[in-house]
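Please follow the chain in the viewer as you read. The paragraphs below go through the structure one topic at a time.

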Amino acid sequence: MNIPSKLPAVGTTIFTVMSALAQEHQAINLSQGFPDFDCPEGLKERVIHYLQAGKNQYVPMGGLPELRAVLAEKIEDLYGLSVDAGEEITITAGATQAIFTALAAFVHPGDEVILIEPAYDCYRPAIELMGAKPVIYELSGPDFQVDWDEFGSLISKRTRMVIINTPQNPIGKTFKKADMEALRSCLAGTDILLLSDEVYEHLVFDGKKHWSALRFEELFARTLATYSFGKTFHNTGWKVGYCVAPRHLMQEFRKVHQFNVFSVNSFVQFGLADFLQQKEQYVSLPEFYQSKRDYFAQAMAASSLVPLSSEGTYFQLFDYGHFSQESDTEFVRRLTIKYGVAAIPVSVFYSSGKDQKYIRLCFAKKEDTLDAAAKRLALL
């Protein structure tokens with residue numbers, strides 16, 4: 001049968017490839033972004049409680065009302081924005097589903113969507129599935145700063161949406177207040193939507209603030225912001241997230257969501273609604289992950305790899321270009337097979353394959369794991 005592919009250029013993700021290679025060679029896996037420690041015991045206890053209490057049937061399509069209510073309180077506390085818990089928050093099957101749903105709801109064939117690369121790998125395929133054109137703004141290391149005048153020049157009459165990610169995977173950079181204000185100016189007077197991927201909202205370091213799109217009234221009016229409990233509570237396999245948007249946008253979002261997922265597993269939502277009332281569980285996360293970043297940096301001091309600054313997320317970029325001119329894909333393969341540490345090549349996050357001799361390592365690991373990886377990398 002001749003069945004044409006809707007994504008002919010897409011193969012297996014680099015995360016699957018590197019994790020499989022790590023397993024084959026018994027390497028320490030610092031490639032895929034997941035913790036090797038468990039989620040909070042208190043959260044597991046609440047989820048188990050509701051599972052055993054029989055909370056096993058559908059919850060409302062938009063999500064458990066109690067969970068949306070506590071999220072509305074959280075948003076107001078953190079970002080000063082009052083949202084309607086019933087109409088402006090939807091619980092999703094992870095942030096990736098929220099991102100896909102937002103694109104499906106608003107992006108039409110022939111539209112353009114501006115991406116800032118390097119970018120998380122789900123954005124571009126989803127845009128292409130909608131029949132739209134990704135328009136790429138490339139960042140360059142080591143600073144990865146946006147020139148907002150240059151960015152603004154990419155906007156055309158076909159631009160339907162802009163996607164941002166702050167804190168940004170894979171580079172660990174955060175947008176500052178000035179960046180968000182510049183973005184606001186770029187979009188002013190247009191009907192362009194903003195998809196703001198903020199899954200690492202609580203992983204911002206060195207006493208800095210997360211400048212969410214929700215902090216800016218003019219931006220929020222055009223924004224769909226996505227979040228992940230998996231990143232917040234170290235349970236990426238649970239695949240529960242949420243989307244926040246003004247009512248007129250959320251109405252369209254839910255039209256797709258109801259036929260895509262309809263509703264997310266019930267007992268987990270009940271458990272999250274209880275656990276989120278313990279605010280210290282998420283307000284303490286910057287300190288928790290900064291300590292891991294700093295611990296890993298100290299452990300890596302003996303390595304030839306040169307660290308770039310990590311302002312947020314649980315990723316750290318390293319430069320190897322001063323001692324090897326291998327492509328980054330070749331380098332991470334050799335790193336896995338010969339030295340027993342799996343990493344991600346940063347070029348895979350660029351549509352152009354731009355290779356700056358950077359690799360990405362995940363420090364959301366136990367100290368023993370970070371120590372063991374650093375000792376192996378010191379042999380480079």
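Pro 142 sits in the loop between strand S4 (133-138) and helix H6 (148-152). Helices (H or I, at least four residues) and strands (E, at least two) are DSSP runs, numbered from the N terminus. The peptide bond leading from Gly 141 into Pro 142 is cis, with omega near 5°. Another cis bond joins Asn 169 and Pro 170, where omega is about 20°. Pro 170 is also a loop residue, placed between strand S5 (159-165) and helix H7 (177-187). These bonds deserve a remark because most peptide bonds are trans.

The model is a predicted one, in which local features need pLDDT of at least 70 and side-chain atom pairs count only at pLDDT 80 or more, while totals for chains, interfaces and linings use all residues. Residues are numbered from 1 along each chain as its sequence is written, and side-chain values use heavy atoms, with hydrogens and water left out.

Backbone angles are the next topic. Most residues other than glycine have a negative phi. His 234, which is not a glycine, has a positive phi of about 60°. His 234 belongs to the loop between helix H9 (229-232) and strand S8 (241-244). Lys 239 lies in the loop between H9 and S8 as well, and its phi is near 55°, again a positive value in a residue other than glycine. Are these residues buried or partly exposed? His 234 counts as buried, at 14% relative accessibility, whereas Lys 239 is partly exposed, at 41%. Here buried means under 20% relative accessible area, exposed means over 50%, and partly exposed is in between (1.4 Å probe, protein chains only).

Lys 209 is found in the loop between strand S6 (193-197) and helix H8 (217-220). With a relative accessible area of 43%, Lys 209 is partly exposed. Leaving aside residues up to four places away in sequence, Lys 209 touches Val 204 and Arg 215; contact means heavy atoms within 4.5 Å. The C-alpha atoms of Lys 209 and Thr 174 are 9.2 Å apart, although 35 residues separate the two along the chain.

How many disulfides does a search of the whole structure find? The search finds zero, a disulfide being a pair of cysteine sulfur atoms within 2.5 Å. For Cys 122, the nearest cysteine sulfur is that of Cys 243, 13 Å away. Cys 122 is buried, with a relative accessible area of 16%, and Cys 243 is buried at 0%.

A search of the whole structure finds three cavities of 30 Å³ or more. On a 1 Å grid over the protein atoms alone, a cavity is a set of points where a 1.4 Å probe fits but cannot get out, and lining residues have an atom within 4 Å of a point. Grid points are joined across faces, edges and corners, and a volume is the space filled by probe spheres set on the points.

The largest cavity holds about 80 Å³. Its lining includes Asp 143, Phe 144, Lys 173 and Thr 174, and divides into three nonpolar, five polar and four charged residues. Ala, Val, Leu, Ile, Met, Phe, Trp, Tyr, Cys and Pro count as nonpolar, Asp, Glu, Lys and Arg as charged, and the others, Gly among them, as polar.

The second largest cavity has a volume of about 60 Å³. Its lining has nine nonpolar, three polar and no charged residues. S5 gives the largest share of this lining, three residues.

Methods. On a 1 Å grid over the protein atoms alone, a cavity is a set of points where a 1.4 Å probe fits but cannot get out, and a pocket is an open set with protein on both sides within 12 Å along at least five of seven lines; lining residues have an atom within 4 Å of a point.
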